[in-house]
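Biologist: Please take me through this model one question at a time, with the cut-off behind every term you use. I would like to begin at a strand pairing.

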Amino acid sequence: TTAAVFAYDQKYIDGTLILQGDQRAYLAPGQEPKQGDKLTWQSRDHQVVAVKPVSPAGIPVLFEAQLRA
């Protein structure tokens, strides 16, 4: 899949839901990622912690995923 991965801003890291080192990925539509899936990014495996589809008009245009190494 095609993805853009970013670090979370410090203000979002609460130590409970979002941990230091977690990353946010924006994934192209196609196959919807599921919680627990693995994504390899820059030669490192990351686990999908949470997924939220961005679906204007009910059609997913991208998926926002929380990744944890």
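Biologist: Which residue in β4 does Trp41 stand opposite?

Modeller: This is a predicted model, in which local features need pLDDT of at least 70 and side-chain atom pairs count only at pLDDT 80 or more, while totals for chains, interfaces and linings use all residues. Residues are numbered from 1 along each chain as its sequence is written, and side-chain values use heavy atoms, with hydrogens and water left out. β3 and β4 (residues 44-54) pair in the antiparallel sense over 4 bridges, where strands are DSSP runs of E, at least two residues long and numbered from the N terminus, and two strands pair if DSSP finds at least two bridges between them. Within β4, the residue opposite Trp41 is Arg44.

Biologist: What is the phi of Ser43?

Modeller: Ser43 also lies in the loop between β3 and β4, and at 75% relative accessibility it counts as exposed. Its phi is again a positive value in a residue other than glycine, near 65°.

Biologist: How many bridges join β4 to β5, and which residue is the bridge partner of Ala50?

Modeller: β4 and β5 run antiparallel and are joined by 7 bridges; one of the paired positions sets Pro53 against Phe63 in β5. β5 also pairs with β2 (23-27), antiparallel over 5 bridges, and in that pairing Gln23 has Leu67 as its partner.

Biologist: Is Gln66 buried or exposed?

Modeller: Gln66 belongs to strand β5, which is mostly covered, with 5 of its 7 residues buried. Around Gln66, contacts (heavy atoms within 4.5 Å) reach Tyr8, Leu17, Ile18, Asp22, Gln23, Gln47, Val48, Val49 and Ala50, not counting residues up to four places away in sequence. Because its relative accessible area is 9%, Gln66 is classed as buried.

Biologist: Which residue's side chain makes a polar contact with the side chain of Gln66, and at what distance?

Modeller: A polar contact is a pair of N or O atoms within 3.5 Å; within protein, one must be able to donate a hydrogen and the other to accept it, and residues adjacent in sequence count only if both atoms are side-chain atoms. A polar atom of the Gln66 side chain lies 2.9 Å from the backbone oxygen of Leu17. The side-chain partner, at 2.7 Å, is Asp22.

Biologist: What is the volume of the largest pocket, and which elements give two or more residues to its lining?

Modeller: A pocket here is an open set of points on a 1 Å grid over the protein atoms alone, where a 1.4 Å probe fits and protein lies on both sides within 12 Å along at least five of seven lines, and lining residues have an atom within 4 Å of a point. The volume, which is the space filled by probe spheres set on points joined across faces, edges and corners, is about 180 Å³. Lining residues include Thr1, Gln31, Lys38, Leu39, Ala65 and Leu67. The elements giving two or more residues to this lining are β3 (38-41) and β5 (62-68).

Biologist: How far apart in space are Gln31 and Thr1?

Modeller: Gln31 lies in the loop between β2 and β3, and it is exposed, with a relative accessible area of 75%. Gln31 and Thr1 are 30 residues apart in sequence, and their C-alpha to C-alpha distance is 8.3 Å.

Methods: Buried means under 20% relative accessible area, exposed over 50%, partly exposed in between (1.4 Å probe, protein chains only).
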